[in-house]
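Colleague: Hello! Could you walk me through one part of this model in detail, after a quick word on the whole?

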Amino acid sequence: GLNFFRVHPKGHGSIVLSPIIEPNRLVTFYRGEIYPSWRWGEKMDAISLIQQRKNLKPRLPDFYNMALERPQTDPRGYGMLFVDASRKSGYGSMLSHSCNPSCEVRVAAVNGKLTLVMTTLRTLTIGDEVTFDYNAVTESLHEYHAAVCLCGQGRCRGSFLHFATAEI
């Protein structure tokens, strides 16, 4: 549609239309369905099982989820929640990855509830792309190589995933 545009070879993204956005300013929220860690594990197991049965294992899985960690001082107790933007989402899940991002994701309290917010890291001006580092990690060398980064930064990692081996 008229509200979308192509950002170099990586697809649709977002650019700044305001004359200037100062550092540490709210850009948007990262929205999605909320899962406690045990339920998230069940969902991932079920998806994996179906993919194996139907031989639908993708070359590279979708990474539309983020972990929201409750602090140890939270009266409800320490815990990990997962925000899944694969089905229900907001503007934040549409931002592209960059190895030199213009925004970062932070945990914030809004009206007494924890949420994920995306804030600027530096001053942005008209035409700057709004990006964040996905900070996704894989233990699969296959996934790491399949996750080709297209950010175009001088210090690009080459993959939008971080590679972590299970070896100690």
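What share of the 168 residues in the protein is buried? And then, for the close look, where is Ser102 found, and which residues does Ser102 touch?

Modeller: Happy to. This is a predicted model, in which local features need pLDDT of at least 70 and side-chain atom pairs count only at pLDDT 80 or more, while totals for chains, interfaces and linings use all residues. Residues are numbered from 1 along each chain as its sequence is written, and side-chain values use heavy atoms, leaving out hydrogens and water.

To your opening question: 32% of the 168 residues are buried, meaning under 20% relative accessible area, with exposed being over 50% and partly exposed in between (1.4 Å probe, protein chains only). The protein has two helices and 14 strands; these are DSSP runs numbered from the N terminus, helices being H or I of at least four residues and strands E of at least two. Of the contacts (heavy atoms within 4.5 Å) with a separation of 6 or more, 68% join residues 24 or more positions apart.

Now to Ser102. You will find Ser102 in the loop between strand 8 (96-97) and strand 9 (103-110). Although in a loop, Ser102 is buried, with a relative accessible area of 1%. Leaving aside residues up to four places away in sequence, Ser102 touches Thr119, Thr120, Leu121, Arg122, Leu124, Glu129, Val130 and Thr131. One of these, Glu129, has its backbone oxygen 3.0 Å from a polar atom of the Ser102 side chain. That pair is a polar contact: N or O atoms within 3.5 Å, where within protein one must be able to donate a hydrogen and the other to accept it, and residues adjacent in sequence count only if both atoms are side-chain atoms.

For contrast, here are two other loop residues. Asn55 sits in the loop between helix 1 (37-53) and strand 6. Asn55 is exposed, with a relative accessible area of 69%, and has a positive phi of about 55 degrees although it is not a glycine. Asn135, in the loop between strand 12 (131-132) and strand 13 (136-138), also has a positive phi, near 50 degrees, without being a glycine.

So, back to your part of interest: Ser102 is buried, and its side chain has a polar atom 3.0 Å from the backbone oxygen of Glu129.
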